[in-house]
Amino acid sequence: MKKQLIALSLLVALGGYAQKKKATKTTLKPKSEFVTDLMSKMTLDEKIGQLNLPTSGDITTGQSSSWDIAKKIEEGKVGGLFNIKTVAKIRDVQKIAVEKSRLKIPMIFGMDVIHGYETVFPIPLGLSCSWDLKAIEQSARIAAQEATADGINWTFSPMVDISRDARWGRFSEGSGEDPFLGSRIAEAMVRGYQGKDYSGNNSLMACVKHFALYGAAEAGRDYNTTDMSRIRMYNEYFPPYKAAVDAGAGSVMVSFNEIDGIPATGNKWLLTDVLRKQWGFKGFVVTDFTGIPEMIEHGMGDLQTVSALALKAGVEMDMVGEGFLGTLKKSLDEGKVTMAEIDNACRLILEAKYDLGLFHDPYKYCDVNRAKTEIFTKTNRDIARRIASESMVLLKNDKQTLPLKKSGTIALIGPLADAKENMGGTWSVAGRLADNISLLAGMKSVAGNGAKIVYAKGSNLDYDAKFEENATMFGKTLHRDNRSHEELLKEALAVANQADVIVAAIGESAELSGESSSRTSIEIPQAQKDLLEALVKTGKPVVVVLFNGRPLALVDEEKSATAILDVWFSGSESGYAIADVLFGAVNPSGKLTSTFPRSIGQIPIFYNAKNTGRPIANKEGKFEKFRSNYIDERNEPLFPFGFGLSYTKFAYSNLKISSAKAGMNDKFSISVEVANTGSFDGAEVVQLYMRDLVGSVTRPVRELKGFEKIFLKKGEKKTVTFNLSAEDLKFYNSDLNFVAEPGAFEFYVGTNSNADMKVNFELTK
Ligand code: BGC
């Protein structure tokens with residue numbers, strides 16, 4: 001009865017398209033015709049209005065705010081809105097558009113649904129370490145289901161920027177340093193968000209970002225300049241964006257940085273030549289937050305000039321900047337933009353709304369029942385717990401300290417131990433901070449009556465209170481303790497002394513990485529380093545549970561701790577998931593997707609580097625004069641790309657190639673046997689790397705070309721086969737043609753990027 005009443009009042013409430021919907025649901029004209037008809041009725045102001053994307057002011061990330069929005073919607077000056085939460089609010093806003101505006105054009109509603117909605121999954125960097133594409137796709141699917149149940153139909157994700165500089169805080173938001181893995185993850189995320197199509201009401205439009213090269217900001221300082229050769233762009237930085245576009249991402253967000261001296265937001269080569277002409281992108285392009293007016297600061301001219309520049313370059317939607325709204329009409333009058341350019345932008349946005357089904361039903365994503373029953377469900381949280389445990393990377397495990405026994409006394413110490421507000425990590429805007437599971441709660445629950453867990457905070461995030469304030473924004477407090485460091489330490493040592501083993505929950509706070517969280521040091525803050533040193537001095541085994549949103553330099557910790565489990569920020573269910581791994585219910589299987597440097601001076605450091613003409617010969621880290629190395633540090637990282645331990649052991653054998661020679665149209669395969677020879681069941685990520693020995697341009701010393709995550713019971717053995725062809729050997733040459741060149745190759749298979757089992761191969765003409 002209640003349901004019927006709602007349905008009835010809904011019908012009464014709907015204007016314009018919604019009313020027509022009943023009669024014409026199946027008779028809406030085909031997209032192109034429909035949009036042409038609609039545009040023939042639109043005034044210039046209404047067309048420009050479609051290009052305008054304000055933020056609701058609900059959750060803001062920048063400085064700009066606007067909430068005279070209701071009036072603007074009525075006047076047809078708003079195409080969409082973002083960061084507004086709940087079906088009720090979204091329905092109200094949509095109602096203004098479809099009842100009060102002249103042409104009743106529905107709006108799209110966006111949000112930064114980055115790694116989950118209310119059910120929060122690991123930060124993207126953590127998620128990538130699962131190397132589990134099904135799990136990653138599933139996390140995006142659940143995010144889509146929850147967000148659409150709450151009225152959202154557009155997410156500003158996936159973020160696919162390749163990152164090689166750990167000083168950059170937004171390292172946390174992407175999938176690490178590798179273009180191949182990054183591309184596979186980009187596709188999986190787009191599939192998860194968008195589903196097969198938008199015919200149901202539980203898929204949303206993806207927005208691949210930040211196009212392009214944002215991760216290459218100089219000195220790791222956010223929003224900074226990028227500058228690189230085109231050959232590097234095409235081979236190393238572009239592939240994940242292209243993969244997301246090829247997977248059908250409906251929209252693309254432009255990055256803040258400049259490229260070749262022109263801000264991406266006004267860069268016609270990037271947005272038109274590459275994205276549209278070379279890659280065939282058919283969706284629409286949105287700026288990042290105030291991207292258009294920021295071009296004034298970049299030194300590209302006044303608001304009118306930069307707005308025209310953006311439109312002509314290939315931007316369709318202006319996020320928050322209101323440069324289009326305020327200046328395009330004038331620019332048209334003065335002949336600085338054309339009607340065709342405005343029409344084209346308007347058309348692409350209307351087409352996206354058509355694809356999403358909003359002209360059929362503007363309230364398609366506003367189902368209050370879904371909002372009540374489909375968000376933050378037990379099922380979703382259980383899946384989040386499982387996926388979170390898959391993202392964790394075991395970096396060290398001396399004397400098989402892990403898994404912990406569920407007996408005796410365990411001292412849990414550190415500022416991240418009882419910090420539920422921080423567990424979701426950065427960019428979890430819809431997350432429910434108060435409902436996150438802290439490590440303390442998780443360990444107590446999983447240990448049950450078996451082990452006694454005693455707790456002390458031990459230290460603050462750092463000695464500097466201001467630093468902590470800047471790193472714990474958006475409600476992600478660590479509840480700074482006003483006692484002195486000595487007092488905190490004294491309490492911690494008293495607690496530690498009661499225990500058989502110490503678990504130190506240390507690292508970064510959630511907002512110490514993320515947007516505008518660049519660091520000049522990538523070590524654990526000093527107060528926590530001092531805490532760890534004191535805990536190690538007790539002589540008891542110390543397991544570091546490391547929280548971080550970027551690779552950290554951990555030379556000291558790697559020496560002193562007995563075990564290190566990197567848990568990133570693993571979402572709503574963090575505490576349970578970490579405890580599952582610590583107590584062995586889950587055997588860790590995560591592998592690093594970024595190289596962990598020994599020191600900040602090695603940055604940028606990544607596995608798929610070039611050999612140079614003077615590579616070092618020794619592997620022991622000895623300095624060699626007139627070779628490419630450092631006097632004061634070795635070349636190798638602390639932990640290589642692809643690295644991660646398990647509680648069990650895997651033995652690789654019998655590496656084979658189906659044929660040592662193959663032609664351009666042939667297929668060939670590489671296979672290897674992997675056996676679980678340890679005493680736990682477990683999963684292993686089998687990795688295939690390639691080296692192209694001779695090329696018309698220099699080629700990396702290793703490139704990931706395939707991977708497969710397999711599960712092996714104790715004593716079990718499986719054969720993993722990688723199927724390849726010349727297509728997999730292609731790269732962009734100096735003319736930027738994508739080619740495979742005949743010649744000699746080496747393939748390596750193993751457990752990380754240092755894999756040393758090798759087969760040789762020759763590609764013939
Ligand atoms: C970020 C984007 C985000 C946007 C909207 C910007 O500051 O760079 O990643 O999607 O805000 O919230």
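**Salt bridges and their partners**

Modeller: Glu-351 counts as buried, because its relative accessibility is 16% and buried means under 20% relative accessible area, exposed over 50% and partly exposed in between, with a 1.4 Å probe and protein chains only. This is a predicted model, in which local features need pLDDT of at least 70 and side-chain atom pairs count only at pLDDT 80 or more, while totals for chains, interfaces and linings use all residues. Residues are numbered from 1 along each chain as its sequence is written, and side-chain values use heavy atoms, with hydrogens and water left out.

The partner of Glu-351 is Arg-347, and their side chains meet in a salt bridge at 3.5 Å, N to O, where a salt bridge is a side-chain nitrogen of Lys or Arg within 4 Å of a carboxyl oxygen of Asp or Glu. Both residues lie in helix α16 (residues 339–355), 4 residues apart, about one turn of the helix; helices (H or I, at least four residues) and strands (E, at least two) are DSSP runs numbered from the N terminus. Arg-347, at 22% relative accessibility, is partly exposed.

Arg-598 forms a salt bridge with Glu-633, with the closest N and O atoms 3.1 Å apart. This pair links distant parts of the chain, 35 residues apart, with both Arg-598 and Glu-633 in the loop between α24 (574–582) and β17 (650–657). Arg-598 is partly exposed at 21%, and Glu-633 is partly exposed at 22% relative accessibility.

A network of salt bridges links Lys-85, Glu-118, Asp-150, Arg-432 and Asp-435, and the count by this rule comes to 56 salt bridges.
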